[in-house]
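Here are my notes for you, written as numbered points. Keep the model open while you read and find each residue as it comes up.

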Amino acid sequence: MVSALVWSLAVPTVAFARGESSSTSDNFPQPTWCKKAKTTVEKMVCQDGDLSASAISLDAMWDSYKVFRTAAEIKSMRQYLRDWNKNTFQKCDSTACVKAAYEEAMNKHLSPTTEPAPTSV
């Protein structure tokens with residue numbers, strides 16, 4: 001089963017490209033992939049305004065990253081993000097863990113000054 005977050009990273013939508021989010025009854029923006037949220041951690045993000053904001057920021061940073069990178073760099077980063085999702089993000093069981101996972105992905109790997117993602121050995 002492919003998680004909603006991985007699907008959003010693998011198959012970007014028009015909404016992601018424009019940095020849009022969906023609204024909820026909780027009155028805070030959510031990432032568009034919340035409509036497909038299946039895992040416990042994805043649902044946690046979709047129910048928390050701060051975590052949803054982090055998810056939207058990660059989506060926007062990913063879109064920006066792709067603009068100035070080569071196809072090989074994008075492929076490498078996409079694989080890194082899939083691994084990050086499986087080995088870090090999906091293993092979180094608290095909001096603090098999810099927040100730390102987002103900060104790791106955004107600050108260490110997708111910030112504007114970041115070198116391309118390391119290639120797998």
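1. Helices (H or I, at least four residues) and strands (E, at least two) are DSSP runs, numbered from the N terminus. Now try this on α5, which has 17 residues and so should span 24 Å.

2. A word on the ground rules. This is a predicted model, where local features need pLDDT of at least 70 and side-chain atom pairs count only at pLDDT 80 or more, while totals for chains, interfaces and linings use all residues. Residues are numbered from 1 along each chain as its sequence is written, and side-chain values use heavy atoms, with hydrogens and water left out.

3. Next, the overall picture. Of its 121 residues, 45% are buried; buried means under 20% relative accessible area, exposed over 50%, and partly exposed in between (1.4 Å probe, protein chains only). A contact means heavy atoms within 4.5 Å. Among contacts with a separation of 6 or more, 60% are between residues 24 or more positions apart.

4. How do α4 and α5 sit relative to each other? Their axes come within 10 Å and cross at roughly 160 degrees, with α4 covering residues 49–67 and α5 residues 71–87. Axes here are lines fitted to C-alpha atoms, for helices over the stretch in contact, and angles run from 0 to 180 degrees between N-to-C directions. Angles under 35 degrees count as roughly parallel, over 145 as roughly antiparallel, 65 to 115 as roughly perpendicular and the rest as oblique. The two helices are therefore roughly antiparallel.

5. Now zoom in on where they touch. From α4 come Leu58, Trp62, Tyr65 and Lys66, and they meet Glu73, Ile74, Met77, Arg78, Leu81 and Trp84 of α5. That makes seven nonpolar, no polar and three charged residues. (Ala, Val, Leu, Ile, Met, Phe, Trp, Tyr, Cys and Pro count as nonpolar, Asp, Glu, Lys and Arg as charged, and the others, Gly among them, as polar.) The buried residues of α5 include Ile74, Met77, Leu81 and Trp84. Here's a handy rule for looking at such lists: an α-helix has 3.6 residues a turn, so residues three or four places apart point the same way.

6. Which residues does Ser54 touch, leaving out those up to four places away in sequence? Ser54 lies in helix α4 and touches Tyr102 and Met106. With a relative accessible area of 18%, Ser54 is buried. Its C-alpha atom is 9.2 Å from that of Pro31, a residue 23 places away along the chain.

7. Then there are two disulfides in the whole structure, a disulfide being a pair of cysteine sulfur atoms within 2.5 Å. One joins Cys34 to Cys46, at 1.9 Å from S to S. Cys34 is in the loop between α2 (14–17) and α3 (40–46), and Cys46 is in helix α3, twelve residues along. Both Cys34 and Cys46 are buried. Their link has -95 degrees about the S-S bond and is left-handed.

8. The other disulfide pairs Cys92 with Cys97, with sulfur atoms 2.2 Å apart. Its S-S torsion is about -70 degrees, so this disulfide is left-handed. Cys92 is buried at 7% relative accessible area, whereas Cys97 is partly exposed at 28%. Counting bonded cysteines along the chain, the pattern is 1-2, 3-4.

Notes. Expected span 1.5 Å × (residues − 1).
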